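My entries follow in the order I made them.

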Amino acid sequence: MKKVYTAKDIEAMLKQGTCLKTIPAGSILTPSAKDAIRDAGKTMPNLRSGPSSPAVRSAAGSVNNDRFPPLPAGIPAVPPEPIVPSMEYHWVPGGDPNTPEEIQRFFHSPEILKLKDDMVRTAHKMWARNMVDGNGGNITVRVGDNLVLCTPTLRSKGELKADEIALIDLDGNQKAGWRKRTSEANTHLAIMKVQPKAKSVIHGHPPYSTAFAVAGIEPPTCLCSEAEIFTGAIKLVGYHTPGSKEICDAVADIAKDNPAILLANHGVMTWGTDPEDTYWKMENMETACQTVWVASQLNGGKLQKIPYEKMQDIFEIRRSIGMEDPREGMKECELCQNDEFRPGAVCQVPAADDPSQLNSEAEVLVKQLTNEIMNKMS
């Protein structure tokens, strides 16, 4: 016959120091006995951590289990290993579609449809964040050895739809899509041809970044850690007619090593592994330019630089996320020289009253020039 345990039995066992795990399997516990076990479990965690007796497990374990709802269907009982998800598109080298039918099937495949949705979502965010105006701005995503998805011309990025995306090759020839591709696609393609990591390129006109481009000034470096990590130095490309061979060549030369660039008197371009990554870089650049401009109005325009040795830590972070930086190995005044920006932060120069830090040849030359000027004036 099964033994029946009452609350009195449980209290006696606890008083004598008898382990409740010794209660035989199949024993009957009265409701008051279960209450006593639950009360004991609140002050004795070992009762809840895995008692051997099913009877005790049933009573003590319910203290925890009853507090949480059951797992929804499809959710594993053990948490998965954390990962960093990637939206980068990977194609099979040499597997581009060739015939018109193959191209159409590829262009309407589930993977490509998802990429089109990603492009549309990015376009809408650009418009909402005031990074494009009118029908300006464009987005491309490389999807093959010689194939690129491309936003259409003369279409507001705030109203773009997925079925309006075009498919072009690396020479700019349209392969699919009922709307004509953007006229500035060749600039995007020029970057993709020289930088394999540039699987997505975005062009926009964010106000603060574009203001630096119109002023012809590269934003000062060593100031905003977020931009330093994710964009690196923001470089300026001189003005050329949009869509021309000259602008393509100039952009490719600078962008191959720099994912965030200013187009003089025009706008900006960024590149990355996918539309989201590329859009983030544009946000980083725009926020950095806005922050620098606002900060330059404070404290007499004196900006606090990131110390040179701490910039080396930033380079290490960039390497860890697969982003090389052409500035590695630069001397301090090469890395953080910001005297093109007015007002701005410049490298520390030797004090005029510190003869040990002055260049004697330069001093002689300055003296000669001063004497010549004074002679002519007299």
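Helices (H or I, at least four residues) and strands (E, at least two) are DSSP runs, numbered from the N terminus. The model is predicted, so I noted that local features need pLDDT of at least 70, that side-chain atom pairs count only at pLDDT 80 or more, and that totals for chains, interfaces and linings use all residues. Residues are numbered from 1 along each chain as its sequence is written, and side-chain values use heavy atoms, with hydrogens and water left out.

**Entry: helix H7**

I looked up H7, residues 185–194. It is mostly covered, with seven of its 10 residues buried. I listed the buried ones: Ala185, Thr187, His188, Leu189, Ala190, Ile191 and Met192. What do the buried residues of H7 pack against? I took contact as heavy atoms within 4.5 Å. The partners are strands E3 (138–142), E4 (147–150), E5 (166–169), E7 (200–204) and E10 (267–272), plus helix H10 (245–255).

**Entry: salt bridges**

My rule for a salt bridge was a side-chain nitrogen of Lys or Arg within 4 Å of a carboxyl oxygen of Asp or Glu. The count comes to 18 salt bridges.

I started with Lys199 and Glu88. Their side chains meet in a salt bridge at 2.8 Å, N to O. Lys199 lies in the loop between H7 and E7, and Glu88 in the loop between helix H4 (62–65) and helix H5 (100–107), so the pair ties together parts that are 111 residues apart in sequence. Is Lys199 buried or exposed? Lys199 is buried, because its relative accessible area is 11%. Glu88 has 25% relative accessibility, so I put it down as partly exposed.

Lys199 came up again when I checked rings. I counted a charge as sitting over a ring if NZ of Lys or CZ of Arg is within 6 Å of the ring centre and within 35 degrees of the ring normal. The charged end of Lys199 sits over the ring of Trp91, 5.0 Å from its centre. Lys3 does likewise with Tyr5, its charged end lying 5.2 Å from the ring centre.

Next I took Arg121 and Asp118. This salt bridge has its closest N and O atoms 2.7 Å apart. Both residues lie in helix H6 (residues 110–128), three residues apart, about one turn of the helix. An α-helix has 3.6 residues a turn, so residues three or four places apart point the same way. Arg121 is partly exposed because its relative accessible area is 41%. Asp118 is at 7%, so it is buried.

Then I went to Glu164 and Arg155. They form a salt bridge with the closest N and O atoms 2.7 Å apart. Glu164 and Arg155 are both buried. I traced a network of salt bridges here, linking Arg155, Glu159, Glu164 and Arg179.

**Entry: pockets and cavities**

I used a 1 Å grid over the protein atoms alone: a cavity is a set of points where a 1.4 Å probe fits but cannot get out, a pocket is an open set with protein on both sides within 12 Å along at least five of seven lines, and lining residues have an atom within 4 Å of a point. Grid points are joined across faces, edges and corners, and a volume is the space filled by probe spheres set on the points.

The largest pocket has a volume of about 700 Å³. I found 28 residues in its lining, with Thr273, Asp277, Lys281, Ile321 and Met323 nearest the centre. Which helix gives the most to this lining? H11 does, with five residues. Helix H9 (225–230), E10 and helix H11 (275–295) each supply at least two.

I counted three cavities of 30 Å³ or more. The largest cavity holds about 100 Å³ of space. Of its 13 lining residues, the closest to the centre are Pro220, Thr221, Ala227, Glu228 and Ile234. H9 and H11 each supply at least two residues of this lining as well.

**Entry: two spot checks**

Asp9 is in helix H1 (residues 7–16). Asp9 is at 28% relative accessibility, so it is partly exposed. Its C-alpha is 7.7 Å from that of Ala33, 24 residues apart in sequence.

Val214 lies in helix H8 (residues 207–215). Val214 is exposed because its relative accessible area is 51%. I found 7.1 Å between the C-alpha atoms of Val214 and His266, which are 52 residues apart along the chain.

Technical notes:
Buried means under 20% relative accessible area, exposed over 50%, partly exposed in between (1.4 Å probe, protein chains only).
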